[in-house]
Amino acid sequence: MGQIEEAKPSCLNILTYHRELLVSRLRSIQCILDNLLSCGFVCEEDVEIVQQTVTKTDQVRKILELVQCKGEEACEYLIYIIYKVCDAYIDLQPWLKEINYNPSSDVMLMGVVNTDPISRYYEKMRHEMSQDTCFIMSYGQREETRLEELYTGTLMELLNDCNESLGFLESLDTLLGDHAVFNPQGEITYVMGDAGVGKSIFLQKLQNLWSKKELQTDAIFFFKFRCRMFSLFKDTEQISLRELLFKHNCSPDHDPDNEVFDYILRFPEKVLFTFDGFDEIQIKDLMNIAEVVSPEVKAHPLQLLISLLCGKLLKGSKKVLTARTGTEIQSRVIRKKVALRGFSQAHLRTYIDLHFKEQEHRELVSVQLDACPHLCGLCSTPLFCWIVFNSFRHLHTMHDSFHLPETCITLTDIFLLLAEVFLSRSALPAPSLLKKSTRCASETFKAGLRSLAAFARLALQGMERGSFIWSQEEMSACGLTEEDLSLGFLRPVSECDASGSPATFEVLHITLQSFLAAFALVLDEQAPARSILKFFVECRKKRTPSCLPFDFCVSGSSKSSEKNPFATNEHLQFTNLFLCGLLSKAHIGLMEHLVSPVLLKKKRALLKSCLSTGVISHLYGLPHYDGEDGRKVHVLPNFLWMLRCIFETGSKDIAQMTAKGITADFIKLGYCNVSSGDCTALNFVLQHCHKPLGFDMDNNNISDYGVKQLKPSFCKMTVVRLSVNHLSDSSIEVLAEELCKHKVVEILGLYNNHITDVGAKLVAQIIEECPKLRVVKIGKNQITNVGGRYLANAIQKSTSIFDVGMWGNSIGDEGAEAFAGVLRHHPSLTNLSLSANGITSQGGKCLSEALKENNVLRIFWLVQNELTDDAAPHFAELVQANTGLIHLWLISNQFTVEGIQQLAEALTHNTALKEICVKGNQLSEEEEKQFVAEKRLRFH
Ligand SMILES: Nc1ncnc2c1ncn2[C@@H]1O[C@H](COP(=O)(O)OP(=O)(O)OP(=O)(O)O)[C@@H](O)[C@H]1O
């Protein structure tokens with residue numbers, strides 16, 4: 001060992017030899033001086049001399065002289081400092097490698113303290129981030145819940161740029177990894193989701209993981225922003241990037257030479273940003289948003305934000321951006337997309353256990369949830385779940401008995417519960433006197449009316465002006481007192497004024513602001529009654545949400561400037577929805593205690609007439625087109641809001657009228673962001689529809705709860721398309737029961753769900769018992785040979801079925817054998833896909849032999865299986881013998897040139913077959929060229 005060390009070049013020589021490089025690259029001199037001083041290699045006077053030297057390079061020269069004078073040990077220690085504090089001396093790390101530096105055992109006994117500003121800043125940032133993120137928002141400001149005690153995983157679906165699923169993100173700490181990146185040039189990880197689905201908490205958890213070094217990333221700086229804060233700046237305000245970063249996040253200490261900012265500019269890839277709520281950004285005049293390309297230039301904060309997001313500033317930095325679903329952002333800046341889908345059943349169970357410490361409460365809540373799938377559907381949105389559970393806990397402790405509302409609970413009910421809990425606080429007796437009482441919601445609301453009205457006024461003003469944050473003065477002007485603040489509706493926004501008290505406040509959650517704004521519209525006795533409809537008018541006027549802010553900044557396009565302050569108008573839609581709920585028949589009893597009955601009646605009548613005319617004109621205005629299966633209509637997202645509002649009113653009349661207005665035979669609701677909760681609203685209208693209807697609900701977030709809600713409507717559905725909707729076997733149970741009872745279904749689409757062999761058996765039952773069923777798509781599920789057999793047996797018995805899609809299961813050769821039975825004599829099957837099912841040549845042989853006897857099948861898909869040349873003679877025979885087949889798909893198997901040769905020869909004997917697609921087999925480009933003469937053998 002000693003010999004090896006002796007053989008090393010001396011550190012003194014190294015410093016002499018590399019002096020020039022060190023002089024130009026060594027920074028963070030203070031850290032070197034601090035360590036040399038504390039180890040006694042230099043004295044205070046030496047330090048002063050160095051510090052008095054004017055230029056950085058001269059300071060380094062002085063240090064080198066000093067340590068070289070002190071000898072080998074001091075020189076080695078200097079190199080060791082560079083080695084240990086690698087973040088600060090990042091530029092010299094390649095040099096250490098080049099000189100093959102390995103610290104000696106002696107020097108390793110010496111301590112190195114990291115006093116470098118960059119490292120100190122990094123530590124400070126972690127510390128502050130950890131403090132800022134360890135608590136989760138809880139009721140009022142009274143209790144504090146630790147994030148780790150309540151945070152529950154949610155469904156985090158990865159999407160590609162066409163919003164197609166790429167599976168689920170298993171664990172949040174891998175978010176920034178390369179998995180599911182569809183655009184490596186993009187720098188933004190875009191996280192989207194509906195109101196209250198947990199986008200902010202997702203970021204909080206991410207920040208918390210980073211602060212504990214548990215996030216898989218090499219980012220050493222983390223800046224977090226809430227987009228709504230950018231609305232607080234005056235139009236004329238100009239700040240620099242440095243101010244934006246350091247004033248609105250953590251600022252570096254003892255950094256006279258701006259080393260931290262310099263480092264950020266030099267190594268942007270070491271910086272991670274999170275921007276929460278892009279949909280909340282107000283852009284008053286898009287035309288004036290100009291890009292900022294220099295980090296030194298002062299600009300409006302919004303310009304800085306947009307320039308950061310577009311990569312004009314700090315190019316290469318990592319960014320996570322959240323926004324409500326529907327806020328589209330150009331794919332070219334997006335690296336990866338995640339859609340938050342809320343709690344699954346299993347998550348909900350975990351959340352119950354975390355939320356309720358008492359076993360009695362856990363059981364009570366579980367039983368009540370199990371009895372009400374609609375409530376479960378609502379509770380799959382974490383915000384609503386949080387409100388329901390907190391209200392349950394509070395009201396259960398306060399009152400003799402409290403149960404969760406059972407059937408037909410609406411969102412308005414949920415937010416009324418929250419308001420009741422908040423208001424009941426002002427009437428709380430001292431804890432020692434706390435005695436269980438009988439619950440009387442109207443009394444609580446009456447007693448708290450003054451405060452409620454003041455909060456509601458504030459919320460409405462905010463909605464009208466498009467602001468979510470208020471100053472103390474604005475709050476007082478609305479009549480809010482100090483005492484009111486403790487109720488819990490508002491919470492302080494982080495910044496404090498000079499006296500240390502919070503300078504600004506916001507509503508606990510933006511959806512609660514929408515609710516309060518709706519309350520203000522109902523309570524207001526001064527404004528003309530018609531003004532309750534103002535947001536309906538506004539929402540109708542507005543165009544579909546688009547990616548305007550980003551359109552502008554990314555492509556520089558000059559779309560017309562729009563007065564619309566928001567990228568989406570969801571919070572206005574929510575206000576309308578709550579208005580419908582508050583003015584519904586179900587809540588007259590409560591509202592009459594708060595508003596004059598005459599005015600209430602007038603407002604109810606106005607709303608009803610507005611909804612009725614709105615529904616008619618909306619349905620009339622939808623784009624209809626005539627297809628093979630009758631008249632089709634593709635609804636727009638507003639249709640869903642309309643349904644939600646109708647459900648919230650609980651009005652049978654309006655539901656009936658809407659059902660009557662549906663003139664199409666086929667409704668396309670694909671990619672409309674339909675959630676399980678929406679299915680109750682859909683069902684509410686559909687129950688008044690008396691004619692058969694086709695429904696395409698593919699690519700939504702319906703889940704098992706939603707299917708349960710749609711149960712009464714399946715009797716009239718001729719087309720049931722529920723592909724890509726997170727359905728498990730329990731949904732198929734509901735479908736089997738209903739579809740077999742009514743026997744009207746013709747098309748069943750269940751592609752890309754979580755169906756296993758258990759569900760496949762139920763689908764087989766549907767196939768057997770529904771005589772009109774023509775098309776079944778059940779690809780990309782989890783069906784094995786067992787399920788494959790059930791399905792094959794059922795299809796064999798069906799005389800109506802002509803199109804079966806089984807792509808992407810794992811039925812293997814045994815399943816293929818069962819389908820060979822189907823192919824042998826099936827009278828009607830014309831299109832069959834068994835692609836991506838792990839079928840080898842053995843299965844291929846069975847299938848091709850069976851198909852020789854069938855001249856009905858037209859299209860046969862066997863893409864992405866494991867067919868080799870062993871299967872080629874059988875397929876060649878098939879091609880020669882069969883005259884029914886028009887397309888044979890054998891893409892991405894393992895045929896070589898010999899196998900393909902056999903197919904090519906056989907093809908010359910068959911004139912009916914239009915093409916055999918053999919792209920992606922094991923042929924070189926040269927080999928493929930041999931077959932150019934046979935044009936029907938396709939390699940592209
Ligand atoms: N993963 C989670 N675990 C536990 N609770 C959660 C989780 N996600 C959200 N919540 C609860 O739901 C509430 C609302 O979540 P959050 O504010 O993150 O929603 P959001 O998607 O940002 O909503 P919006 O788009 O309306 O701003 C949180 O305050 C928290 O109580």
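The buried residues of α9 pack against α10 (147–150), α11 (199–211), β6 (221–226) and α13 (259–266), where helices (H or I, at least four residues) and strands (E, at least two) are DSSP runs numbered from the N terminus, and where two residues are in contact if their C-beta atoms, placed from the backbone, lie within 7 Å. The model is predicted, and local features need pLDDT of at least 70, side-chain atom pairs count only at pLDDT 80 or more, and totals for chains, interfaces and linings use all residues. Residues are numbered from 1 along each chain as its sequence is written.

In α9, the buried residues are Pro 117, Ile 118, Tyr 121, Tyr 122, Met 125, Met 129 and Thr 133, a residue being buried if 20 or more other C-beta atoms lie within 10 Å of its own, exposed if 12 or fewer, and partly exposed in between, with C-beta atoms placed from the backbone. Seen down the axis of α9, these buried residues fall within an arc of 135°, so they line one face of the helix; the arc is that of the directions from the helix axis to the C-beta atoms. Glu 123, His 127 and Gln 131, on the other side of α9, are exposed.

Around the ligand there are 22 residues, of which Gly 198, Lys 199, Ser 200, Ile 201 and Pro 382 come nearest, a residue counting as near if its C-beta atom, placed from the backbone, lies within 6 Å of the molecule. At least two residues of this shell are supplied by each of α11, α18 (382–398) and α24 (510–523).
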